[in-house]
Amino acid sequence: MGTQRIVGLFLALAGIIGGILFLRTKVAQTNTLRVCTWSNYFPEASLEEFTAQTGIRVELTYISSNEELFAKLKAGATGFDIIQPSDYITRRLIALSMLAPLEPRLLSNLHHLDPYYLNLSYDPGLKYSVPFTFGTTGIAVNVAKVPVPKEENLSWSFLLNSPDPTHTSLLDDMREVFASVLFFKGLSPNTRELASLESAKEEITQIKNHVLMFTSEPKALLLKEELTVSHAYSVDAVQAGQENPNIRFFIPREGGIIWTDNFAIPATSPHIEQAHQFINFFLDPKNNLKVIEENLLATPNRTARLQLPEGLQKNPHLYPPEKTLKTLLFLEELGDALPRLSRMWTELKS
Amino acid sequence: MKRTSLIPSSAWVFLIWLILMTLLPFTLILAMSFLQRSDLGTIVFSLSFNNYEQLLDWVYLRVLLKTLWLALMATVSCLCIGFPVAYFLARVQGPMKSIGLILLFIPFWTNFILRIYGIVSLFGTNGLLNQTLLAFGLSKVSILYTRWGVYLGLVYNYLPFLVVPIYSSLEKLDPFLREAASDLGATRFQTFRKVIVPNIKEGVFIGSLFVFIPMLGEYVIPDLLGGAKEAFLGKVMVEQFFVLQDWPLGSAIATVLSVLLLGALWLQNRWSQKNQAQSEGLFHAI
C-alpha cells in the first residue's frame, strides 16, 4: 500500500514538473529574448531602446560567476538566447558544442572591434563569440604607502616578495596565483608540466606565510588601506583608483593574464536571429559606450573607445599599451593537470 | 477492522518535504560521488570508487582532521561560554530574563555577512581594537586573517545556537527537583552534578551537534576572517563544485562528511537508549 502511494506521489510530481517545463518552452516561443548576464551590466535605457528599435522584448537572468553559468547550462538549462561567458568558459562551451555558430552577415557592426580581438586564442576568427569587455590581472599598489620603482621595471616579484607583506594580498584563485609565479619564473601560465607546477607550489607555500591574505575582492580593503599591495583584476583596481588616486595598477613586465567577457548564443536558443540583432546592437559604438561608461569597463570596440573622454581613453590601466598587450596571455584548459593543480592548491593551504 | 495507516495524514506534508528536500538531493549526491569528471568539467557516467580513493590522500585527510579539530575546539568554547549564559537565563526572573533573551537574538536581525564584516572592522589592522590598544600605548595585535580569526568568528556566530537548546532544556527542568535535592541534603555542586546535568545532558549534546555540524562545512568565515589562507573542508568542497566543476569529487567529500555525522548521531541514539534502559532497570529494581 505504502509503496503504491509513494509511486503515485512521484508520478504526480513528475507531472507537475513536466507541466512547468512545457509552459516554459511555450513562453520562450514568444518574441522575447532571454539574456543571461552579470548584474547591473546593461543600463535600463539601452534595453528599452533595443526594444523600441526591434520590437523584441528582453528578459534578464542574472548570474554571479562563470561557474554558475556553466553549471546552469550543463544541468540542461535551455531557453537562453544570449549568454556572457568569459574566455575560458567560452573555450569549454565551444569544445562541448554548446554554442551556436555566429553568422557574420547578421553582425554588420563587427568591424568596429579592434583587430587584436578578432583572433583570440580561445575562439580564433570569432566563430562562436564576440568579445564585449576585457580586463587584465596585475598588481594594485597604494603608491602613497609603498614606493614603487619605475613602471616599466615592476616585476611580479614586487607582489611575491612584497616590501609590505603584512598588507599584501593574493587573489584567492589558484590559476591566477600559479600564473603570477610562473610568469615570474619565465614559464607559461598554462604549463602542464608537473615539475614546473610543483616548484611554483613550493614558492607559493613560502609566500603564503608572509602575506596577509588571499582574496578575490580586494577593492574595499585597498580603500581602507588594510591592503597596500594587492594581486588584483584591473576592474577592481581602476574602481579603487577612482576613489583614491594613490591606488595604481601595474601589469608586470614578465606579462600577465588577460580575460574577456563575451556574447555567445547557446546552441539551444530558439531565437538565433534575434540574438544576433541583440549582439549587433551592442556592437554599435553608440550603445556600446553607454554600457562601458556606466560600468567603467574596457571595451574592445575601437570606434567606441575613440569616443570616450580623453582620460578614460588613454587610461593605461584600462587599455594597456600595444607593447604590454603582446605580453598578455589567456588562461587555457589544463586538461588532466587541473586535478593535480587543485590538489597542490589544497596541499599548500593545508 | 479499522485499517490503521502507518503515517498519519498530517505528516504527509512533512514527508513530502523530507523526500524532496533531503532524501532526493542526498541520493543524488551519493550517486554523483561514484561518477567521474571529464577534462572539460562535465560528468562522465562511469561507476568507480576513484573519488574516494583520491580522498584517502594525506592532503585531504589532513584537511579533514584540521577541520574536525577546529570545529571541536570552537564547539567546546561555545559550551564554556554558552552554558553559564543559558544557566543564568533559565534561573533569572523578571525583566532581566527578557532583556537577556532579546540580547541573545538581536544579532539574528542582522544579516550574517554583515555581522562578519562587523568583526572585520572591529579586529582589523586599523580596527577599533587596535586603535584602542594604540591609544593606551600598547602594540597592535593581529587576529584577523589568522586561524584565531576563524576560531573567533565560529564561536561568535554559533554561540546562540548552543545557548538556546541548553536554555530550553533547563527551562523544562522541574524546579522542585532542585528543591528536593537540597531538602535531601545535597550540596549545590552535588545537585548540579547528580540532578541537573543528567537531565539536560541530551539538550547539551543536541545543541553541540547543532553547532558542530554546520561548523564543519563553514567556508564563508574562513574566507573572510581567515583570509582564505588555510584549507578547511567546507572550502575544499565548495571549490570542487564551483571552481573546478568536479561535482563528483565534491559529492564524495559531502558524502564522507554526512556519513561521519550520521555515525555520530547513531552512536548518540544508542547511547541514550542504553541510558534509558539502565534507568528503567534501576526503577524496576527499586
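Mentor: Contact here means heavy atoms within 4.5 Å. This is a predicted model, in which local features need pLDDT of at least 70 and side-chain atom pairs count only at pLDDT 80 or more, while totals for chains, interfaces and linings use all residues. Residues are numbered from 1 along each chain as its sequence is written, chains are lettered from A and ligands numbered from 1 in the order in which they are written, and side-chain values use heavy atoms, with hydrogens and water left out.

Leaving aside residues up to four places away in sequence, B:Leu154 touches B:Leu70, B:Ala74, B:Met215, B:Glu218 and B:Ile221. B:Leu154 and B:Met215 are the residues with the most contacts inside the largest nonpolar core, which has 80 residues. Such a core is a set of buried Ala, Val, Leu, Ile, Met, Phe, Trp, Tyr and Cys residues joined through side-chain atoms within 4.5 Å. Buried means under 20% relative accessible area, exposed over 50%, and partly exposed in between (1.4 Å probe, protein chains only).

Helix H3 (residues 58-91) of chain B gives this core its largest share, 11 residues. Helices are DSSP runs (H or I, at least four residues), numbered from the N terminus. The core lies between domain 1 (2-133 + 261-319) and domain 2 (135-258 + 328-349) of chain A, because both give residues to it; the domain bounds come from an automatic or database domain assignment. Another core, of 42 residues, lies apart from it, and A:Cys36, A:Ile56, A:Leu99 and A:Tyr233 are among its members.

B:Asn51 counts as buried because its relative accessibility is 2%.

Terms used:
Helix = DSSP H or I, 4+ residues; strand = E, 2+ residues; numbered from the N terminus.
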